[in-house]
Amino acid sequence: MKQQVLLEVNNLKKYFNLGKNEVLKAVDDVSFKIHKGETFGIVGESGCGKSTAGRTIMGLYDRTAGEVVFNNQDIHALKDKEKFSFHRKMQMIFQDPYASLNPRSTVMEIISEPMEVHKLYRSKKDRQKRVYQLLEDVGLNRDHANRYPHEFSGGQRQRIGIARALALDPEFIIADEPISALDVSVQAQVVNLLMRLQKEKGLTYLFIAHDLSMVKQISDRIAVMYLGNMVELTTSSQLYKSPLHPYTQALLSAIPIPDPDIEDARERVILKGDLPSPINPPSGCVFRTRCPHAMDVCSQKKPVWQEAEDSHFVACHLYNKEVMDGKEYDQTAAAK
Ligand code: SF4
């Protein structure tokens, strides 16, 4: 059965002009589709552009180029009134639940505010009923409604953030590192909650994280980002079984495996150097300064995004037959 595409991101670019002719290319030509009901993970080191991509998709940042098509509408081309109703359909959960909740508002005020803004329920009583229901949906109870954010633990605050994101009954949720600020013991509870809510409410998620092990648990497909570029995309199981891009291989090799025999036997890929600056990224392949397989061609030519295996996309010359046969390389060299 053909899956319905809910969100389509085409050649999205988000650059920040820093003045003095300096441009930060936070997201540089990224394309992917998210199907209705799936969880699409984006993973990468801090500074790779994944959160900027999420915020540009949400419309919190203007795009520099490209399009974000949600339910067949380019959201950056929407007029103010259309944008307002679009925001009912797409909501965001933030990394720091404490900073994202107004400390002077009660939980009741925090969760009911979006409903008031969108004039969703006629009476205050109906809104209150909805808030009580949402609190129960996220594993809290109605007694929590009159308390303030500082009275809750980190995990409970994130539950309040999730309840607020659900208040408008959205179809799509962008979760931007929703568990990174939480204790490890609480992270799994919040992931389980998100998975249960997805099933119950038919939600579609874009789940952004730097920790591959957590992304794997929740995602159907995973995209790996490096320095503003998407370098690999496939199903979660395929990515773990046979990662193609040298960067993904390095990220995966850093995750400890609980079996000591496998852990001792496997080879660890240690990345050299730090993430280069997105203001002055390396020429050709942006990963070449840290890649253990870098070749001459990698500094001269940007790798194309291609389907190397069935539904397994990668941007690396190692999987490009023409480049590896030397044809494209010779042409590049001959043109110089
Ligand atoms: Fe490494 Fe070259 Fe592939 Fe980039 S294109 S990941 S530098 S082998």
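Two ground rules apply. Residues are numbered from 1 along each chain as its sequence is written, and side-chain values use heavy atoms, leaving out hydrogens and water. Because the model is predicted, local features need pLDDT of at least 70 and side-chain atom pairs count only at pLDDT 80 or more, while totals for chains, interfaces and linings use all residues.

**Stop 1: the whole chain.** Show the protein chain as a cartoon. It has 13 helices and 12 strands (DSSP runs numbered from the N terminus: helices are H or I, at least four residues; strands are E, at least two). The radius of gyration is 22 Å, close to the 20 Å that the globule rule gives for 336 residues, so the chain is as compact as a globular protein of that length. That radius is taken over C-alpha atoms, and the rule is 2.2 Å times the number of residues to the power 0.38. Along its principal axes, the C-alpha trace spans about 75 × 55 × 50 Å.

**Stop 2: the ligand.** The shell holds 13 residues, with Cys285, Cys291, Cys298, Cys316 and His317 the closest.

On a 1 Å grid over the protein atoms alone, a cavity is a set of points where a 1.4 Å probe fits but cannot get out; a pocket is an open set with protein on both sides within 12 Å along at least five of seven lines; lining residues have an atom within 4 Å of a point.

**Stop 3: the largest pocket.** Select Asp29, Asn229, Met230, Lys302 and Trp305, which lie nearest the pocket's centre among 18 lining residues. The pocket holds about 260 Å³ of space. Colour strand E2 (22-35) and strand E10 (229-235): these elements each give two or more residues to the lining. E2 gives the most, with four.

How values were computed. A residue is near a molecule or strand if one of its heavy atoms lies within 4 Å of it. Grid points are joined across faces, edges and corners, and a volume is the space filled by probe spheres set on the points.
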